[in-house]
Structures are given as structure tokens and as C-alpha cells.
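Take a moment with the model before reading on. The paragraphs below go from the whole chain to single residues.

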Amino acid sequence: MNNDNTADNIPPQGQAELISNTTTDISSSVQVPHVEFIPLDQLTDRFYSAKQFLIYFQFYLCAAIVANLGLLFWDGNGGDIGFWEDWVKQLSNRGYKDFNGNYPPLYIHWLYVASQLYNYLQLPVENNLFLKYVSLIPIFLSHFLLIAIVHRLLKNYCTSANHYHACMLLTALNPALFMNGPIWGQVDVLPVIPVLLAILASTSKKYRALTFPIYTVALLTKFQMIAFAPVMGIIFFRHYKIHLVGCALSLLTIVLLFLPSIVVGSFAQSFKLAYIDVLHQYGATTMGAANIWILLTGNAAPDTVILFGIEPDSPLAIIFKAKNFGMIGFFLVCLIVFLQGMGKLIDQQLPQNNPQNAAQLFFYAMICTMAFFALLPAMHERYLLPAVIVSLVYYALNPGKIIFPLLFTFISAFNVAMCLGIRTSHVWPAISWIMVGAFSYAVLELLFGKHWSNFTGKLFSWFFAIKYIALVVLVIGFYLIGQRLYLESKPIDPELQPHQLSLTELPVAFSKQDYGQLNINKSVNGNPLRADEHRYAKGLGTHANSIIEYQLPPKTKTITVSVALDDEVESASVKFTVWGDDRLLWESRNHYGAEKPEFAEINLESVQRLRLQVDGINDIGGDHADWLNPIITLAAPDTPAP
């Protein structure tokens, strides 16, 4: 067995390309392309030059940047984002000391950075879009790195323009990646990237020693990456002398990433939460995952149920208890993968050259992560995403296998979508702009025909040929989105003058409403006051139809207030009115949910009893109304004579 092959190194980017037809390697169970390297400068007549590859790479990267940042505005999973909120608060208040989050350390380090950003900006840590944005920055970068990895492999090994574009399109604009990351607010793409890099490093003599340290980073990001252990076992025995050195580096990696917890004395707790307690956190067969357990037991059934009608006192009961049955099935699949790989390795039938070499390893990795999702109990709806990502890389190396990324993308995206609602107030404007853009383009093509098509084609090529334009788009996009969400998250709290006070400081003399109860400085549902995507520090959260009355202090001159429907509802129909001693002093326009807050300054001189009233115009369902930053101005104290 030859353990020192140099031919399995991935050639440098741009050095050569493939002319190939898809054939079946008799030494492998995986269909792989036949490799024939041709100098790049001889391929310009075949399909793409190096410049064209750059143009398309930057186009797909920019498309992914815009899509990720745009989809961030969809409502995510409040529960999972609530974890980030709690963990950022802990890290902000006391650092790593006694931190009780149940994730491995790598992502926790990023949340620590986020906590320091909140402290610097003096923002309240709340479950909102700014928190979602800050929490997901590593996930956005991971997606962009995935695009770069796939592009690099395709540039070296793609067999046609169709193969390149199909794979890049599925990678850059993959619905499963969007559903998991910018929409849901989860981080499942993050740990898979080190797994990809570890497998690719194992196929390169130059980087082979880094294989296991990189894989260790994956395990220190999410423990679910243990699913790839059989593949890493095959890799280890292929060049075990080199990987023994890598394992020593892995121990150093563990110490470095756990170092903050070690320093504050919380290592034992952090390790236990992330790698031991998490194994027993969910006692269900499936947590919304569309896998074998939906068919056998239904969703969220106890994992102690005995399958197939086996009696509880039967000797077979322990095998057919759902939890054990799933673990046995997963173990058997992993064992088959490992034994087949080791058998091919011993018989020298495991491919030695890329792309066959890497393709075979990614095929094994895909099988393992599929089994992880399909067979193990307590899977969540999101846990098929690693199979999606691995299948994209596998397809980049094996052009005949588009079926895997298509199937996994469909299953994963719809599985997550079933568990999410979509807030249309965020989606409508974006879709409307896209529609206006598409319509405008079509009209211009109608008017100018081929001249317009040629112009846009040249503009496209010029723009995406600019070196590092994708990096420019990334920086500008991150800045604009971050700035907008920061301003939306910073509470609007006007500074009061000495002769002013907030109406919320006065006792309520009387209140009634047709739903819920009056909330001070919160919406009727108990959330922070938000209107037109802005956070307000003070106000009254009520619901139509409602009356709120105050006894005003002496020498009251005016009240200033903004009125709006709260962002926690998408649309409603209300009118606000202000009354003084039973006289109508001011009335708003009709509010339907799409308007900005309406500001009013109302004279209250000689008024003793103030009444704030909200009336529903039609059906009052969803009439969540806010009186925002109501400020009472008193007569200024007399200035003493000199």
C-alpha cells in the first residue's frame, strides 16, 4: 500500500482545467470524471478563460451577499435567537465565568465579541434584527467561503459551462442555506466548513498534517460533526504517521479554544454542557425532522417507545426501544462506510488522484451525515444542512451527481419552512423592488431591443471583472445593514428638560381596553415598543378599543406624542384621539400599519383630565396601538429678577 502519493494534490487554481466525460471507475463505487489536464490558455475556445471564471465567481458571490443580507429581514425563530440573546447577556455581564450555554467554544467566542460590541454601543441586548445580524456574521462569511471552495474545485475540475453554473447557482443561492441561516437565525453551516477543509487538506501532501487540527475546530464548533468520524478514520489510516502529528496539534487546538474557560475556572462546566448534557437534552424521537421517526412514531414521540409491537418485557425490547434502535442503525451505516473505505485502502482501490480521491471521501461523508439525520433520534428540522453542503462539494467533483444537492436542498428547505411563519411586511417591499426592476428591464428591452441587451451584458462583464469587487460589496453591505439595524435597535428616548416629564411616570387614573391590558413602556403583548422598525424607550402599549385617563399636574402646557400601530402586527385599522375634560383636542389620520408614526403637539393649558383614546375602524383583531414617548411640558419656572 502506497501511503506517500504526491499525485493526489489539488493543482493550483488556474494552472489547468479538465476535458472529460463522465465514466465509471471500476475501482470505485462512485461515478467520477475521467481526468485529462490541459493548459488553461488552450481552453478559451472550449468555454471559459481565467478572466471569465473571475467574472462569474464575483457575480455569484455578490448575489449571495445581497441575498443573505436581504433575507435577514424575514422573521426568524424567536426561540433560537433567544438563546443568542441570553448568552450575549451572560457574556456581557460576567464574561466566561459560570457561562451556561451548551455550545462548544468557537461560536461562543464570537458571541463574546458581540457582547463587547453591545457594551461599546451601549445598546440593550434584545431579541431583534440587530442581534440576529451580529450573531450571523460568521454564518454569512461561512457561506461565502463555501462559494469560494466550490468555485476553486469547479475551476480545476468542471467539465462544462453548465456544470459550473448549475453548481455555483445551487451553492450561492441555495434555499436550504438561506432558510437555516439568514431566515431562521441558526449557525449550522459554520461547523461544516472546517469539515470540508479537513477532507480537502487530507488530499494534499502540503496540508495533510493539518487535517485533524482542522477537524477538531469543527468538533469545537458543534458536536454534531462527530457524524463524520468514520471518514476521518479512513483518512487517518491512509497516512497515519503524518496524522499522529496532526492529532498532537489537535490537543493544542482544544487547549487554545477552551483557554478562556480554563482561565476563569469554568472548563469542566463548559465541557459538560457542550459534550455530555447535550446528549440527553431531548427525549424525543424527532423534533420536527422529516426522517424515519415521523413514519414510525410521529413527531416528538418519546424515544423510550418500543417499536413494531415488541412487548416491553421481551428480551428484544432493549434493541427495539426507539433511542437504541436509531443509534444501532446509525452505527451500522457508519461501520459499513468505514469498513468499505478500509477495504479499498488495503486493496489499493481507494482513488489516489483528485478529483476521484476527494469525490470518494465526500461521498462517504455525505452517507454518514444522511444517516445522522435519517436514523438518529432527537434530530431537529435543520440537521440535514450538513448533507446539503457536502453534496454541493461532491457534485462539484462529480458532474453526474446533481440529484443529491437537489434532493437534499428540497427536503431541508421545506422541512425548515414548515416550522417558520413568514412576516410579509418585510418581504413585500423587497419583492416589489425586484418586480419593478424586472419590469423596467423588460420595457427597456422592448424599446431598445438588442442594443439594451448588449449594453447590459457589457456592463455586467465590466463590473464583475473589477478585482475584489465582491469584497467591496461585502464591506459596503455589512456596513449599511449594520448601520441601519443599529439605528433601529437604539431606543429613541428624547432628553427631557427640567420642566418636562414623561407621561409614563404619572399614575394611570383609569384605563380599559377590549383586549389584554395596558402596558407601560411595552407593547400590549409585552414586547419592546417598536414602530416603523424603530425602538422606542417609553410609551403606552394598548389595544383598540381603549381609553386611558390621567389627572394632569398643575401648570401643564402641552403634550407631545407619536402614535402608531406596533410592529408586532402587520396590518390593522385604528384612529387615535386626545381629549381634555371631555373636549376633543386632536385626532389622527386613519392608521393601517404601513404608515410612519404620526407626531402631535397638543395644547393642554387649563386641562385637568387627559383622555387618550384608540378606536378600531373595522375589525379590531390585531389593533395593537402605541402612544410613543409622550412628554408633558409644564410651565417654565419664573426667572428671578436680577
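What does the accessible surface of the chain come to, and what percentage of it belongs to carbon and sulfur atoms? The surface is about 29300 Å², and carbon and sulfur atoms hold 64% of it. Accessible areas come from the Shrake-Rupley method with a 1.4 Å probe, and for residues only the protein chains shown count as cover.

This is a predicted model: local features need pLDDT of at least 70, side-chain atom pairs count only at pLDDT 80 or more, and totals for chains, interfaces and linings use all residues. Residues are numbered from 1 along each chain as its sequence is written, and side-chain values use heavy atoms, with hydrogens and water left out.

Start with the whole chain. It holds 20 helices and 19 strands. These are DSSP runs numbered from the N terminus: helices are H or I with at least four residues, strands are E with at least two. Of the 642 residues, 52% are buried. Buried means under 20% relative accessible area, exposed means over 50%, and partly exposed lies in between (1.4 Å probe, protein chains only). Now take the contacts with a separation of 6 or more: 75% of them join residues 24 or more positions apart. A contact means heavy atoms within 4.5 Å.

Next, helix α3, residues 105-121. Its 17 residues reach 24 Å from the first C-alpha to the last, close to the 24 Å expected at 1.5 Å a residue. The expected span is 1.5 Å times one less than the number of residues. Which residues of α3 are buried? They are Pro-105, Tyr-107, Ile-108, His-109, Leu-111, Ala-114, Ser-115 and Tyr-118. These buried residues pack against α2 (78-94), α4 (129-157), α10 and α11. Gln-122 follows α3 and has a positive phi, near 55°.

Step back to the loop between α2 and α3. Phe-99 sits there. With a relative accessible area of 4%, Phe-99 is buried. Its contacts, not counting residues up to four places away in sequence, are Trp-87, Gln-90, Leu-91, Ile-108, Gln-269 and Leu-273. Trp-87 is twelve residues from Phe-99 along the chain, and their C-alpha atoms are separated by 7.8 Å. Asp-98 is found in the loop between α2 and α3 too. Asp-98 is not a glycine, yet its phi is positive, about 60°. At 40% relative accessibility, Asp-98 counts as partly exposed.

Two packed helices are described by the angle between their axes and the distance between the axes. The axes of α10 (residues 240-263) and α11 (residues 267-275) come within 7 Å and cross at roughly 125°. The axes are lines fitted to C-alpha atoms over the stretch in contact, and angles run from 0 to 180 degrees between N-to-C directions. The two helices are therefore oblique to each other. Angles under 35 degrees count as roughly parallel, over 145 as roughly antiparallel, 65 to 115 as roughly perpendicular, and the rest as oblique. From α10 come Phe-258, Ser-261 and Ile-262; from α11 come Phe-267, Ser-270, Phe-271 and Tyr-275. By class, this contact has five nonpolar, two polar and no charged residues. Ala, Val, Leu, Ile, Met, Phe, Trp, Tyr, Cys and Pro count as nonpolar, Asp, Glu, Lys and Arg as charged, and the others, Gly among them, as polar.

Move on to Leu-392, in helix α16 (residues 385-397). Is Leu-392 buried or exposed? At 0% relative accessibility, it counts as buried. Leaving aside neighbours within four places in sequence, Leu-392 is in contact with Leu-146, Cys-167, Leu-170, Thr-171, Asn-174 and Pro-405. Leu-392 and Val-150 are 242 residues apart along the chain, but their C-alpha atoms are separated by 7.6 Å.

Finally, some backbone details in other loops. A cis peptide bond joins Asn-354 and Pro-355, with omega about 10°. Pro-355 lies in the loop between α14 (322-346) and α15 (356-375). Another cis peptide bond joins Ala-544 and Asn-545, with omega about -10°. Asn-545 lies in the loop between β12 (539-543) and β13 (546-551). Asp-532, in the loop between β10 (529-531) and β11 (534-536), has a positive phi near 50°.
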